[in-house]
Amino acid sequence: MEAKAIPLLTPYTMGRFDLSHRLSAQWTSTSFLYGQADHASGSQGWNCGGILCPNREDEIPQIVSDFQLAARNCIEAGFDGVEIHCAFGYLIEQFMKDSVNDRTDKYGGSMENRCRFALEVIQAAIDEIGADRVGVRLSPYSNWLDCWDSDPDALGLYMIHTMNKLGVLYCSMVEPEAVKVDGKVQIPYKLLHFRKAFAGTFIVAGGYNREEGNKAVSEGYTDLVAYGKWFLANPDLPKRFELNTPLNKYDRSTFYTPDPVVGYTDYPFLDLSSV
Ligand SMILES: Cc1cc2nc3c(=O)[nH]c(=O)nc-3n(C[C@H](O)[C@H](O)[C@H](O)COP(=O)(O)O)c2cc1C
């Protein structure tokens, strides 16, 4: 009964999916390093044998088709859907942001050109598995890996308006850096205009704890809240939020390490016999 009163633990219907609560686990993968080796070149490319080379325009259709195949493979492997990762300085965001994209072809220059690759990938995934199975992660305010944009609001809104036309299921967006005031996490709550513009399910991420997540949901700032570090350290995070029990502390020294277990799957579940 008590769970019903906790905003994060209320059910939510996202397209064809009936969700039992509003917490989502955000990417905290050991695959973090893949695909970012090309960043230092300042132009979008793959790291081929140590030489950084930008993707030629005529190579891009093949890359889009690789994403399309990956989406198909995910569904065949049993996933409900895919998230197209247009965030945090990885390949797609390198096209989108003007601090990095120095192309002179139809994938560089204007905002529309810079977003072209992202939208081609999203469209290809939609063509393959349906818009009701495709979500998109965006981080317009991030400068992670030196990948930033001079007009993040225009960039984010352009993506969102186009994603609306494509019928994208959800948009998961990263808050600008959270700050601590008097020892308490303070979420900047800078995403409201994006949330209002997006027609599908909106997910926020970045710095949220139980209290801030409940506030964001109850005030209608977001539909769902994605947790990174806390979900990593607490495999039963929804249960802990429901019971309002202490959380396992995360260990930063094991973030981004290649070990598939230590720091990833070795955090303990709550001992329910003790609560
Ligand atoms: C160990 C670790 C690995 C991460 N890996 C990724 C990743 O591969 N891709 C990504 O977009 N974000 C990644 N993130 C960032 C999280 O998705 C999330 O945006 C960030 O941790 C902020 O949310 P939080 O304050 O709830 O942790 C990672 C975070 C951590 C701690």
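Reply: Start at His85. An N or O atom in the side chain of His85 sits 2.5 Å from an oxygen atom of the ligand. Arg137 also puts a polar side-chain atom 2.7 Å from a ligand oxygen. For Tyr90, the distance from a polar side-chain atom to an oxygen atom of the ligand is 3.3 Å. These are polar contacts, meaning pairs of N or O atoms within 3.5 Å; within protein, one atom must be able to donate a hydrogen and the other to accept it, and residues adjacent in sequence count only if both atoms are side-chain atoms. The ligand alone exposes 610 Å², and the protein buries 94% of that. Such areas are computed by the Shrake-Rupley method with a 1.4 Å probe, and for residues only the protein chains shown count as cover.

A note on the basis. This is a predicted model, in which local features need pLDDT of at least 70 and side-chain atom pairs count only at pLDDT 80 or more, while totals for chains, interfaces and linings use all residues. Residues are numbered from 1 along each chain as its sequence is written, and side-chain values use heavy atoms, leaving out hydrogens and water.

Now the shell. The ligand is surrounded by 17 residues, and the closest are Trp27, His85, Arg137, Gly207 and Lys229. Eight shell residues are nonpolar, seven polar and two charged. Here Ala, Val, Leu, Ile, Met, Phe, Trp, Tyr, Cys and Pro count as nonpolar, Asp, Glu, Lys and Arg as charged, and the others, Gly among them, as polar. The ligand lies between domain 1 (55-226) and domain 2 (232-274), because both give residues to its shell. Those bounds come from an automatic or database domain assignment.

Next, Glu93. Glu93 sits in helix α2 (residues 91-96). Helices (H or I, at least four residues) and strands (E, at least two) are DSSP runs, numbered from the N terminus. Glu93 is buried, at 1% relative accessible area. Buried means under 20%, exposed over 50%, and partly exposed in between (1.4 Å probe, protein chains only). The Glu93 side chain makes a polar contact of 2.9 Å with that of Lys97. The Glu93 side chain also reaches the backbone nitrogen of Phe88, at 3.3 Å. Beyond four places in sequence, Glu93 touches Cys86, Ala87, Phe88, Ser139 and Cys147. Contact here is heavy atoms within 4.5 Å.

Then helix α6 (residues 210-218). Its buried residues are Glu212, Gly213, Asn214, Ala216 and Val217. Their cover includes β10 (184-186) and β12 (224-227). At the start of α6, a side-chain oxygen of Asn209 comes within 3.2 Å of the backbone nitrogen of Glu211. Just after α6, Gly220 has a positive phi of about 75 degrees.

Ile129 belongs to helix α3 (residues 111-129). Ile129 is buried, with 11% relative accessible area.

Last, the whole chain. It has eight helices and twelve strands. Of its 275 residues, 45% are buried. Among contacts between residues at least 6 apart in sequence, 65% join residues at least 24 apart. Accessible surface totals about 13,600 Å², and carbon and sulfur atoms hold 55% of it.

Technical notes
A residue is near a molecule or strand if one of its heavy atoms lies within 4 Å of it.
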